Amino acid sequence: MGKPTGFMEYERETAKAESPLERIHHFNEFHTPLSKEKQRQQAARCMACGVPFCQAGMMIGGMASGCPLNNLVPEWNDLLYNGCYEQAYARLMKTHCFPEFTSRVCPALCEKACTCNLNGDPVSTKENERTIIENAFATGW
Ligand code: SF4
Ligand code: SF4
């Protein structure tokens, strides 16, 4: 766990999105991502749960819960918080080959299963994933 008190210090914050009526006029990115520093704070909200339901990818009562790809969510949340971007990218790629898509269009079952939901808002895992992969593209990794 990058920061043991992160989930108590930082509120969930996500990227701003253009309204649907504006975004239908183009095919460009319509999210304004958080700054790298703010996204690191969001990663700090992850508690590295002993049983990380976010990455479980299991069927419960006929419904899928947690990331179906079993992405190593708490591990790369921790690496992102600590600024270890290349290691976070390597960890993400162990289970995933198209995070540039899922970090935009996935219904984020990881977030629905996040323990932080019990007492507040889930970790913004989907956008943390996007930061890791976009940084990897930007640096040429
Ligand atoms: S957003 Fe990423 S980590 Fe979450 S369920 Fe989708 S693919 Fe898995
Ligand atoms: S369930 Fe939420 S808080 Fe727990 S390890 Fe997964 S992302 Fe982090």
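## Exercises on a predicted model

**Exercise 1.** Find the buried residues of helix H5 (residues 85-93) and work out why they lie on the same side of H5.

*Solution.* Start by picking out the buried positions: Tyr85, Ala88, Tyr89 and Leu92. These residues cover an arc of only 100 degrees around the axis, which puts them on the same side of H5. The spacing makes sense, because an α-helix has 3.6 residues a turn, so residues three or four places apart point the same way.

**Exercise 2.** Describe the largest nonpolar core, then explore the contacts of Trp76.

*Solution.* First, the size: this core has 20 residues. Next, the elements giving two or more residues to it are H3, H4, H5 and H8. Of these, H4 gives the most, with five residues. Then look for the residues with the most contacts inside the core, and you will find Trp76 and Ile132. Finally, set aside the neighbours of Trp76 within four places in sequence; its contacts then include Ala88 and Leu92, as well as Ile132.

**Exercise 3.** Which residues are around ligand 1, and how do they divide into nonpolar, polar and charged?

*Solution.* List the shell first: Cys67, Pro68, Asn71, His96, Thr102, Cys106, Leu109, Cys110, Lys126 and Glu129. Sorting them gives five nonpolar, three polar and two charged residues.

Conventions:
Residues numbered from 1 in each chain as written. Chains lettered and ligands numbered in written order. Predicted model: local features only at pLDDT ≥ 70, side-chain atom pairs only at ≥ 80, totals over all residues. Heavy atoms only, no water. Buried < 20%, exposed > 50% of the residue type's maximum accessible area, 1.4 Å probe, protein only. Helix = DSSP H or I, 4+ residues; strand = E, 2+ residues; numbered from the N terminus. Arc of directions from axis to C-beta. Near = heavy atom within 4 Å. Nonpolar A, V, L, I, M, F, W, Y, C, P; charged D, E, K, R; others polar. Core = buried A, V, L, I, M, F, W, Y, C linked by side-chain atoms within 4.5 Å. Contact = heavy atoms within 4.5 Å.
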